[in-house]
Amino acid sequence: MKNYIKRLVVLLPLLLLTSCFDILDKVNMKADGSGEYTIILNASKSKTRLASISKMETINGKKVPKKPEIEAKINEAARIFKATPGISNVKTSMDFDNYIIKLSCHFTKIENINSGLEQLKARNIIGKMVPTNIYSQNPEKKTFMRNKVNTFKSDYDKMSKADKEVFTDAHYISVLQFENMVKSQSNNSYSLSPNRKALKLEATVLDLILQKKPLQNTILFQ
């Protein structure tokens with residue numbers, strides 16, 4: 001696979017062989033700043049096609065990753081997260097019947113997740129262009145930040161038409177849950193729950209690549 005494609009997707013290269021997949025990125029944070037982080041890669045909508053592709057050696061000139069390779073990469077990512085200070089209770093699940101992969105962990109503070117991602121980058125589990133400084137918080141100012149990330153537009157523009165189609169029906173969902181009530185936010189693309197304790201952003205992966213829908217948000221708590 002071309003390097004610039006590999007940089008855009010974390011942990012599951014098999015997803016790059018289908019355009020229909022979802023990424024769920026979830027943070028559940030307690031009042032003291034600790035919490036749980038979960039990422040789910042779901043390609044169940046394409047499971048019939050992926051089941052057929054998985055039996056092939058190559059497709060469109062690209063090597064098809066096999067189950068042991070995917071398992072090894074997920075397990076290595078889990079080992080790295082377990083060794084990151086402030087991260088505990090790391091769990092992974094891999095459903096190869098429905099092509100759903102999940103990684104979750106507890107954190108002492110949200111910046112621990114950034115550190116874990118940095119370690120994945122240092123071990124070449126994720127590419128150099130994958131953002132790692134994703135979250136930050138300021139307890140004194142009662143704020144939580146979803147930080148701005150770099151655009152991948154220049155990489156996308158270099159792709160062939162066939163490679164661009166990978167992102168046609170790919171979707172991303174960010175869910176932020178808190179014990180404290182949200183007073184305000186800087187990005188109204190995130191929908192606020194009626195109890196003011198959760199935010200949700202839904203976007204196509206292509207919208208994020210082209211920055212038509214920004215991820216950054218500064219959340220102020222009551």
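1. Rings of Phe, Tyr and Trp (its six-membered ring) pair if their centres lie within 6.5 Å; planes under 30 degrees apart count as stacked, over 60 as edge-to-face and the rest as tilted. By this rule there are four aromatic pairs. Tyr37 and Tyr135 make an edge-to-face pair, 6.4 Å centre to centre with 70° between the planes. Tyr37 sits in strand β2 and Tyr135 in strand β7 (residues 135–138), so the pair ties together parts 98 residues apart in sequence.

2. This is a predicted model: local features need pLDDT of at least 70, side-chain atom pairs count only at pLDDT 80 or more, and totals for chains, interfaces and linings use all residues. Residues are numbered from 1 along each chain as its sequence is written, and side-chain values use heavy atoms, with hydrogens and water left out.

3. Back to the rings. Tyr135 also pairs with Phe144; that pair is tilted, at 5.8 Å centre to centre and 40° between the planes. Ring pairs join Tyr37, Tyr135, Phe144, Phe178 and Phe221 into a cluster. Buried means under 20% relative accessible area, exposed over 50%, and partly exposed in between (1.4 Å probe, protein chains only). Tyr37 counts as buried because its relative accessibility is 4%. Tyr135 is buried at 0%, and Phe144 is buried at 0% as well.

4. Now the sheet. Helices (H or I, at least four residues) and strands (E, at least two) are DSSP runs, numbered from the N terminus. Two strands pair if DSSP finds at least two bridges between them. Seven strands form an open sheet with mixed pairing, in the order β5-β6-β2-β1-β9-β12-β11. Its edge strands are β5 (87–95) and β11 (191–192), each of which pairs on one side only.

5. Strand β1 has partners of both kinds. With β2, β1 pairs in the antiparallel sense over eight bridges; here Lys26 has Thr38 as its bridge partner in β2. With β9 (residues 171–178), β1 pairs in the parallel sense, over eight bridges. There, Ile23 is bridged to Tyr172 in β9. Towards the other end of the order, β11 and β12 (residues 198–204) pair in the antiparallel sense over two bridges, and Ser191 stands opposite Lys200 in β12.

6. What lies in the loop between β1 (22–29) and β2 (35–42)? Ser34 does. The hairpin has five residues between its strands, and Gly33 takes a positive phi near 95°. Ser34 counts as buried because its relative accessibility is 16%. A polar contact (N or O atoms within 3.5 Å; within protein, one able to donate a hydrogen and the other to accept it, and residues adjacent in sequence counting only if both atoms are side-chain atoms) of 2.7 Å joins the side chains of Ser34 and Asp32. Contact in general means heavy atoms within 4.5 Å. Not counting residues up to four places away in sequence, Ser34 touches Asn28, Met29, Phe107 and Thr108.

7. Last, the interior. A nonpolar core is a set of buried Ala, Val, Leu, Ile, Met, Phe, Trp, Tyr and Cys residues joined through side-chain atoms within 4.5 Å. The largest has 48 residues; Val27, Phe81, Ile113, Phe144, Leu176 and Phe178 touch the most other members. Helix α3 gives the most to this core, with four residues. Leaving aside neighbours within four places in sequence, Ile113 is in contact with Tyr37, Phe81, Ile87, Cys105 and Phe107.
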